[in-house]
Each structure stands twice: as C-alpha cells, then as structure tokens.
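I wished to look up which charged side chains pair with one another in this chain. The entries below follow the order of my search.

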Amino acid sequence: MADETAALPETPQKRLVERPSRLTTVLRETGPTVAAGLAFVLIWEISVHALGVSKFVLPPPSMIVVSMVGDFPYLMKALAYTAGITVAAFAAAVVSGILGGLLLTQHKDVERMLWPYAIALQVTPMVAIAPLVIIWVGLDRVWLGLMILAWLVAFFPMLANTVQGLKSADRGLQDVMTLYQASRWQRFRHLQLPAALPYILTGARISSSLAVIGGVVAEFVAGSGSSTGLAWVIVESGTMLDVPRMFAALFILSIFGLAIWWLTSMVQARLLSRWHESELGGER
Amino acid sequence: MTDMSPKLQPVMRMQNLDKVYPNGTVALKNLFLDVHPGEFVSLLGPSGCGKSTALKIAAGLAEHSAGRIQRPGEDEAKGIRARAGEIGFVFQEPNLMPWLSVFDNVYLPLKLAGLSRTDAAADVAAILETVGLAGFHDSYPRELSGGMKMRVSIARALVTKPKLLLMDEPFAALDEITRNKISQDLLELWQATGSTVIFVTHSVFESVFLSNRIVVMAARPGRIIGEIGVDAPYPRDASFRLTQDYAAHCRDVSGLLTRAMES
C-alpha cells in the first residue's frame with residue numbers, strides 16, 4: 001500500500017491558530033471605533049460647510065478644535081474643578097454605599113427601618129433639592145453643595161448593589177462556613193464580601209458615571225457664577241453665544257466621563273479576572 | 001450493650017432522633033444509628049426518606065426536633081461541643097469558593113481554624129496529592145471538570161483529618177465512568193486514612209460497591225427499615241462488580257429497597 005500513502009497530498013504545515021501580535025489586537029479592537037469617529041467628524045465638517053449652517057447653530061469640528069486650543073488653560077481649570085468634585089463625590093459614594101450596605105444587611109429590622117428612606121432619597125429628583133442644599137452650605141461654599149448633590153445621585157446604586165451582593169452568597173457555601181464554625185467576621189471576610197464583589201464593582205461603575213452627571217447638573221442648578229466647572233463654562237459660553245466653546249467643554253466632559261468609565265472597568269476586570277463569568281469572555 | 005466495651009464506642013450515635021418541620025412534615029421518625037470507627041456505612045433510600053436530612057443533622061447543619069445525637073469529640077454531659085474539623089462533609093455540589101484557587105479552597109478549613117498558610121501548606125499539598133490533583137494548586141474551580149471539582153471538595157473535607165466523613169450523594173452529578181473511578185479512589189483513600197464514612201446515596205450498586213454496611217430507609221415518615229452487611233473484603237476494584245457476591249448483595253439490597261418503597 002506504499003503507493004497510496006505516496007499519493008496523499010502534502011498537508012501544508014500551518015499553525016491552526018496564528019497568535020496575533022499585541023499591536024494587531026489593539027488595532028483590531030480600537031480601529032473600528034476610531035474609524036467611525038473620524039468618519040463622523042469628517043461628515044460633520046463637510047456638511048456644515050456644504051449646507052452653510054451658521055456657526056451659532058452648529059460650528060464645524062475644526063472651529064471647536066481651534067476654540068479648545070485657544071481656551072485650553074481656561075477649559076483645563078474648569079475640568080479640574082468638575083473632576084475634583086466628581087471624584088470626591090464618587091469616592092464618598094463608594095465608601096458610604098458599602099458601609100450603608102453593611103449596616104442594612106446586619107439585621108432585618110435595620111433594613112426595614114432604613115431601606116424605604118434610601119429609596120425615597122433615590123426617587124426624589126436631585127434638581128428639586130439642589131437649591132436647598134446650595135442654601136444650606138452657603139454661596140461661599142458652593143463646591144461643597146455640588147459635592148453633596150453629586151454624592152446623592154451616585155450613592156444609591158452603590159448601596160443597592162452592595163446590599164444585593166451581600167445577600168447573594170450561595171447557600172451551599174454558607175453551609176461550608178457553618179460546618180467549620182466560622183465566626184461572623186470570618187463568614188463576612190471569606191464568603192459574603194468576595195461573593196458581593198462583582199455586585200459592588202457593578203455598582204461602582206454605574207455610580208461613577210452618575211457622579212459625573214450629578215456634578216454637572218448640580219453646577220447648572222447652582223449656576224450663579226460662583227462655581228467654575230465645565231458646566232458653568234457651557235452656561236457662560238451659551239449666554240455669550242460662543243457655541244464652539246460650548247462644544248469644546250461638552251467634548252471634554254464626555255472624554256472625562258469615558259475615562260472614569262474605562263478606569264472603573266479596568267479595576268473590575270483586574271479584580272474579577274480569573275474567577276467571574278463576566279470577565280471570562282468566550283473562553284471555555 | 002456497646003457501653004460495656006470501650007473499644008466499640010461509636011464515632012457517632014443517633015438515638016430516637018426525630019425531625020419535624022414547622023409545617024408538620026415528619027422528615028425523620030425514631031432514628032437509631034450507631035456508626036463505629038473504620039466503618040463505611042451507606043444510607044440508601046428513595047427521595048424524601050430523610051437520608052440527607054439525617055446527614056445534615058449529623059454534621060450540625062440542621063437541628064433535630066427530638067432525641068439525642070452524639071458526634072465525635074462531643075460530650076453532652078460535660079457540655080463539650082464538637083470541634084470544627086472533627087467532621088468532614090462532602091456536599092452534592094462541590095461547593096467550592098469560585099474566587100479561591102484549588103490550593104486555597106482546600107486550605108480554607110485550616111485557615112478558619114487559625115492556621116497560617118505556610119503552616120498548612122504541607123498538609124494541603126499532601127491531601128491534594130492523595131486525591132490526584134498535585135499539579136492543580138493554582139487552578140480555579142471554573143477551570144476544572146466536574147470530577148476534579150469533586151476531588152477538591154473531598155480534599156477539603158479530609159484536610160482537617162476528620163474522625164467522621166459525611167458524604168451526601170457526592171457523585172450523583174458525575175458520569176458513570178468518572179463515578180466508578182472516583183468511587184474506587186475514595187475506597188483507597190478511606191483505607192489509607194482509616195477514617196469513618198457515612199455515605200448517602202440512592203444507587204444500590206454504588207452502596208454495595210463502597211460500603212461494609214448498608215442502612216435502608218423508607219419515606220413518609222423517614223425511618224430505617226433494615227440493614228445489610230457487605231462482608232466482601234477490601235481492597236475492592238472494578239472486578240468486584242463482576243462477582244457473584246456483588247450480584248447477590250445488589251439483589252438483597254434491591255429487595256429491601258422495594259419493601260421500603262411499598263411500605
């Protein structure tokens with residue numbers, strides 16, 4: 001049967017799966033996103049010129065870039081102000097949300113006592129309480145008022161997710177802890193907390209973007225000129241009909257929001273990487 | 001009377017044990033069971049006969065309603081409670097912490113007992129070697145097959161060197177080939193460690209292969225209706241399943257189980 005084996009065509013020695021280089025992976029991942037963005041900007045630029053749209057209605061991207069460069073120090077100062085308030089409010093929301101979640105899950109009665117009020121806090125529109133908060137802290141400390149308002153918005157998802165996470169520990173795993181006579185602290189440290197981590201991180205992601213929204217809306221409401229964040233830049237540029245600068249501030253705000261989202265996603269991926277379904281992708 | 005001879009002190013003793021649920025369901029009625037050192041006892045019965053409940057009570061994971069139970073290391077008169085780790089439990093599910101590596105899952109009972117990771121390392125490594133997972137210290141549960149997860153679970157139950165190992169249908173979710181292999185490994189482990197096992201199952205064949213005593217239970221209310229000794233010598237391997245002796249025992253146990261179903 002030697003003839004038959006000889007007749008078999010040579011199978012090309014090729015690796016079944018080519019491992020792509022890091023650069024190609026990055027390009028593959030971000031390429032379409034960047035391309036779509038560029039195409040959008042290009043179409044925008046062309047249509048504004050072609051259709052003769054007034055720059056007071058929709059300025060072309062080139063004009064926005066010029067404004068961004070020209071007012072760079074001013075915009076960056078505003079960004080620093082907004083970012084400071086947002087990050088502080090977010091940090092406060094994370095800490096208070098986790099602590100509040102711990103408190104609420106200590107005893108059913110504590111939950112009965114406080115949970116409805118937590119919901120009441122959540123459903124009351126922040127815009128409605130903003131003037132009150134600004135009055136309370138005083139107009140010379142508007143930043144504190146903004147921080148409190150941004151925290152109010154960011155707090156609830158953190159709390160709700162922590163509560164749900166702490167309650168979600170699997171029954172079978174609880175039996176393991178009971179069998180080995182784990183103390184209350186051990187049970188919390190080695191079962192409840194790690195089981196709650198995915199929930200807490202999801203809460204943190206939601207709450208981070210809400211902190212940005214909260215900070216900006218609060219600044220709009222406070223909008224008396226005593227705050228100097230990005231939202232104020234938008235209000236002020238609006239009254240001056242400096243529409244390109246409005247757009248410039250808007251873009252910086254979006255990029256800042258994206259950066260925060262990306263950062264919290266990174267933390268989540270890092271902490272859950274090896275064990276949680278959400279971070280495993282298609283891997284089997 | 002076993003009290004006469006101190007050598008025959010049971011590892012675990014259930015006397016007149018009742019379990020009634022708040023809704024009135026009687027899960028266990030008048031349960032008497034002595035398990036002696038070195039025994040491999042199977043609790044066999046139809047679903048709802050309370051065999052898992054009996055095991056959970058033995059482990060202290062459920063409360064009994066009436067009667068007495070004496071666990072290893074426990075002395076009711078002196079008010080001494082069983083020390084954590086005297087009893088090992090293998091659940092129906094592997095029940096591993098998904099966020100811990102194989103090593104850390106097995107280390108967990110020792111960690112809860114206050115042992116440092118360095119001090120526990122040798123024991124953990126040894127038991128992982130014994131269950132055939134020497135190369136998997138750093139794997140995570142999700143990376144393992146069902147059989148391997150169960151081996152981790154068994155390793156965790158044995159790492160405290162318990163006087164009594166309780167197993168609640170541990171192999172029910174495994175395919176037959178894996179189940180046969182892991183059953184045989186379990187027997188070797190049991191012989192090597194000289195531990196005492198109570199094994200809950202609904203499989204006649206599994207119980208005959210593994211145990212030297214089979215306690216058959218009936219449902220509504222959950223109670224013991226008889227027991228059968230399997231005197232075939234250990235070690236038993238796959239060839240035991242082909243013997244006349246094995247077949248005869250399976251027939252006897254099936255007969256008793258049929259009576260349990262009818263009663």
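**Notebook: salt bridges**

Entry 1. I looked up A:Asp71 and found that its side chain forms a salt bridge with that of A:Arg245, at 3.9 Å from N to O. I noted that this pair links distant parts of the chain, 174 residues apart: A:Asp71 lies in the loop between helix 3 and helix 4, and A:Arg245 lies in helix 11. The model I used is a predicted one.

Entry 2. I then checked the accessibility of both partners. A:Asp71 is partly exposed, because its relative accessibility is 22%. A:Arg245 is buried, because its value is 8% and the cut-off for buried is under 20%.

Entry 3. I turned to helix 5 (residues 108–123), where A:Asp109 and A:Arg112 both lie, 3 residues apart, or about one turn of the helix. Their closest N and O atoms are 2.7 Å apart, and they form a salt bridge. I recorded A:Asp109 as partly exposed at 40% and A:Arg112 as exposed at 54%.

Entry 4. I next found a salt bridge between A:Lys167 and A:Glu111, with the closest N and O atoms 3.0 Å apart. This pair also links distant parts of the chain, from A:Lys167 in helix 7 to A:Glu111 in helix 5, 56 residues apart. A:Lys167 is partly exposed at 46%, whereas A:Glu111 is buried at 13%.

Entry 5. Finally, I searched the whole structure and recorded 17 salt bridges over all chains.

Methods
Residues numbered from 1 in each chain as written. Chains lettered and ligands numbered in written order. Predicted model: local features only at pLDDT ≥ 70, side-chain atom pairs only at ≥ 80, totals over all residues. Heavy atoms only, no water. Salt bridge = Lys/Arg side-chain N within 4 Å of Asp/Glu carboxyl O. Helix = DSSP H or I, 4+ residues; strand = E, 2+ residues; numbered from the N terminus. Buried < 20%, exposed > 50% of the residue type's maximum accessible area, 1.4 Å probe, protein only.
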